[in-house]
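Welcome! Have a look at it first, and then read on.

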Amino acid sequence: MPVTRMSRLFGRTLREAPADADSANHQLLLRSGLIVQLAAGVYSFLPPAWRTLRKIEQIVREEMEAAGSQEMRMPAIQPRELWEESGRADSYGPVLFNLKDRRERTMVLAPTHEESVTDLFRKVVQSYRDLPQSVFQMQTKFRDEPRPRGGLVRVREFIMKDAYTFDADDEAFQLNYDAMRQAYYNIYRRCGVPVVAVQADSGAIGGKQSEEFIFLTDIGEDNIILCQDCGYAANQERAEFDRGESTGSDGELTEVATPGITTIEALADFLGIPQQATAKAAFFLVDGEPTFAVVRGDLEVNELKLMNALDARDARPLQPEEVAEAGWVAGYASPIGVDPARVIADLSVVDAGGLVAGANREGMHLHNVTYGRDWSAATVADIATASEGDSCAQCDSNLQMQRGIELGHIFKLGTRYADPMEATFLDADGERKTPIMGCYGIGIERLMAAVVQANHDELGIVWPRSVAPFDIHIVPLGGGDEVAEAVGQVESELSDAGWQVLTDDRDERAGVKFNDADLLGAPLRVTIGSRGLKQGQIELKLRSEPEPSPAPLSGALTAVRAAMDSLAG
RNA sequence: CGGAGCGUGGCGCAGCUUGGUAGCGCACUUGACUGGGGGUCAAGAGGUCGCCGGUUCAAAUCCGGCCGCUCCGACCA
């Protein structure tokens with residue numbers, strides 16, 4: 001294994017991080033010279049970073065294969081028709097990088113591969129005898145994200161490991177799914193990143209159910225709802241919660257004047273009642289249809305839940321003039337008297353009687369508004385957002401909310417793609433059936449960013465041994481033949497033993513070399529200086545430990561092996 | 001796409017309010033001293049001040065347009 005020399009390494013370390021780096025991992029990746037930005041959400045990966053990415057890929061590959069999946073490769077350039085066939089050309093539309101070939105045929109740069117793998121399946125698989133199947137690839141994905149952010153966390157070009165499974169029935173599918181799930185835990189553990197699996201919304205990928213693997217960190221962009229007691233964990237976008245007891249009474253419906261009171265907070269203050277005793281109206285355009293959503297005053301409408309409840313593809317809040325056009329009075333809107341067909345109510349307002357709601361007249365509210373008696377809705381569903389302090393639906397403890405980064409997402413696709421694309425197989429009974437599909441993604445660069453975020457200190461990166469660009473960072477100190485000779489000896493001993501060695505052969509001061517070693521974060525630093533050599537000594541320092549320890553030059557290999565073995569991974 | 005901010009040597013920044021000579025720290029080159037936690041001295045190299053247009057005798061600075069990047073929101077590995 002050739003030794004890498006710092007003087008020859010492509011890339012340089014920076015003392016100060018570029019100003020647009022926010023998070024620790026982004027700053028360290030830039031300062032250590034591992035990545036360089038080319039455009040918003042587009043990065044180059046310099047040699048050390050590429051080493052790490054390849055190690056991560058190798059871990060992923062090993063775990064995928066252990067789970068029974070076969071590596072393959074699908075094209076990144078795809079005809080747009082494929083996406084029309086699945087019906088995702090529109091829903092995925094804005095994110096698709098479109099391009100035209102010389103014959104003016106519209107192609108896309110693939111953001112994911114459900115379509116192409118389903119196409120592949122129908123061309124390759126005919127019989128139940130061919131099932132189950134599990135395939136994966138590691139390949140560049142392209143997504144024209146509305147907003148790249150957070151360094152490597154959200155980019156427009158990235159490597160994804162995406163796996164796909166095909167099964168004859170649900171039972172068989174579950175086996176594939178469970179194997180993948182376990183593989184994911186293994187991957188993150190081996191990369192040194194703690195994760196929690198949470199229930200998630202499957203979003204643009206589709207399907208019935210999905211789980212995300214989340215690395216909990218303040219720099220995360222997802223809100224995760226967690227129950228410490230029973231272990232319930234879900235993305236806020238779909239987290240369930242218990243709405244508690246109803247507070248209102250079911251007295252007679254009466255009007256109350258509330259001039260200038262247009263917010264729930266002001267209303268509760270004005271009437272001296274808790275916000276839970278009010279009903280909140282919110283207006284959305286759902287698949288082009290103005291929709292009146294009602295939740296209890298202390299809650300917020302969750303647009304994703306709203307869409308799911310209505311089986312809709314698109315939802316956005318109504319503009320004030322659109323609200324008026326629909327005949328509703330913002331600030332004083334009431335579900336009473338509104339066509340029930342356009343009303344959707346959250347569970348919280350259906351169980352609770354006697355709420356204060358708008359009167360559909362400027363400056364007026366109603367007391368004791370009760371569902372079923374005074375109004376009704378076409379749809380009653382869970383459409384409210386869970387947040388910190390709400391009660392757990394499973395065990396009644398208080399839910400907590402934390403930020404997190406989505407490092408992986410696994411989906412139970414069912415027949416979401418096989419149906420529209422008419423992928424089928426012939427079963428043992430001679431009947432044509434539709435395969436049950438699953439898909440499973442991991443963003444490789446994002447995982448690297450998480451590794452750094454989870455493994456750093458104020459001096460730099462503290463790479464886990466499993467994915468470090470270099471195992472051992474040799475720091476020669478002082479000139480002279482004695483040092484050069486000892487360095488050469490140790491270098492070859494270590495690299496012959498299979499370690500990946502980086503030697504700082506630059507004519508720099510000790511401080512510069514030590515600081516760069518800390519920044520680059522190899523698990524073990526071996527210092528070879530003229531001072532120590534007088535006693536026949538070299539010095540070993542684990543990056544994860546504060547203090548170095550001496551070792552005899554003659555026993556360098558043994559000492560290094562012991563030090564490396566003391567590390568996890 | 002809505003909101004906010006920033007574009008001045010490789011990196012971090014000042015200069016802009018009040019137009020006139022482009023500056024500082026780090027990094028870089030050469031030499032000397034130095035040599036175990038970002039050293040000192042000396043001498044250097046390096047900038048169409050994001051782009052286009054306007055105002056002006058004169059624009060980094062004022063005005064307009066555009067582009068790029070970052071952050072906050074709607075979307076996701």
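The notes below go from the overall layout to the nonpolar cores and then to one pair of helices.

This is a predicted model. Chain A has 569 residues, and buried residues make up 52% of them. An automatic or database assignment divides the chain into domain 1, domain 2 and domain 3.

**Overall layout**

- The C-alpha trace of chain A spans about 95 × 65 × 50 Å along its principal axes.
- Among contacts in chain A with a separation of 6 or more, 71% are between residues 24 or more positions apart.

**Domains**

- Domain 1 is made of two stretches, 8–239 and 402–452.
- Domain 2 covers residues 254–381, and domain 3 covers residues 470–565.
- How far apart do the C-alpha centres of domain 1 and domain 3 lie? The distance between these centres is 39 Å.
- Domain 1 and domain 3 are also in contact: ten residues of domain 1 meet seven residues of domain 3.

**Nonpolar cores**

- The largest nonpolar core holds 58 residues, and the members that touch the most others are Ile35, Met64, Ile187, Leu447, Met448 and Trp463.
- Helix α6, residues 170–191, gives this core its largest share, with eight residues.
- Domain 1 and domain 3 each supply at least three residues to this core.
- A second core is separate and has 25 residues, including Leu82, Trp83, Ala89 and Phe121.

**Helices α2 and α6**

- Helix α2 runs over residues 47–66, and its axis comes within 9 Å of the axis of α6.
- The two axes cross at roughly 150°, so α2 is roughly antiparallel to α6.
- Is the crossing of α2 and α6 left-handed or right-handed? This crossing is right-handed.
- On the α2 side, the residues that meet α6 are Ile56, Ile59, Val60, Glu62, Glu63 and Met64.
- Their partners in α6 are Met180, Ala183, Tyr184, Asn186, Ile187, Arg190 and Cys191.
- Met64 and Ile187, both found where α2 and α6 meet, are also among the residues that touch the most other members of the largest core.

How values were computed. Residues are numbered from 1 along each chain as its sequence is written. Chains are lettered from A and ligands numbered from 1 in the order in which they are written. This is a predicted model: local features need pLDDT of at least 70, side-chain atom pairs count only at pLDDT 80 or more; totals for chains, interfaces and linings use all residues. Side-chain values use heavy atoms; hydrogens and water are left out. A nonpolar core is a set of buried Ala, Val, Leu, Ile, Met, Phe, Trp, Tyr and Cys residues joined through side-chain atoms within 4.5 Å. Buried means under 20% relative accessible area, exposed over 50%, partly exposed in between (1.4 Å probe, protein chains only). Helices (H or I, at least four residues) and strands (E, at least two) are DSSP runs, numbered from the N terminus. Axes are lines fitted to C-alpha atoms, for helices over the stretch in contact, and angles run from 0 to 180 degrees between N-to-C directions. Angles under 35 degrees count as roughly parallel, over 145 as roughly antiparallel, 65 to 115 as roughly perpendicular and the rest as oblique. A crossing is left-handed if the near helix is turned anticlockwise from the far one by less than a right angle, and right-handed if clockwise. Contact means heavy atoms within 4.5 Å.
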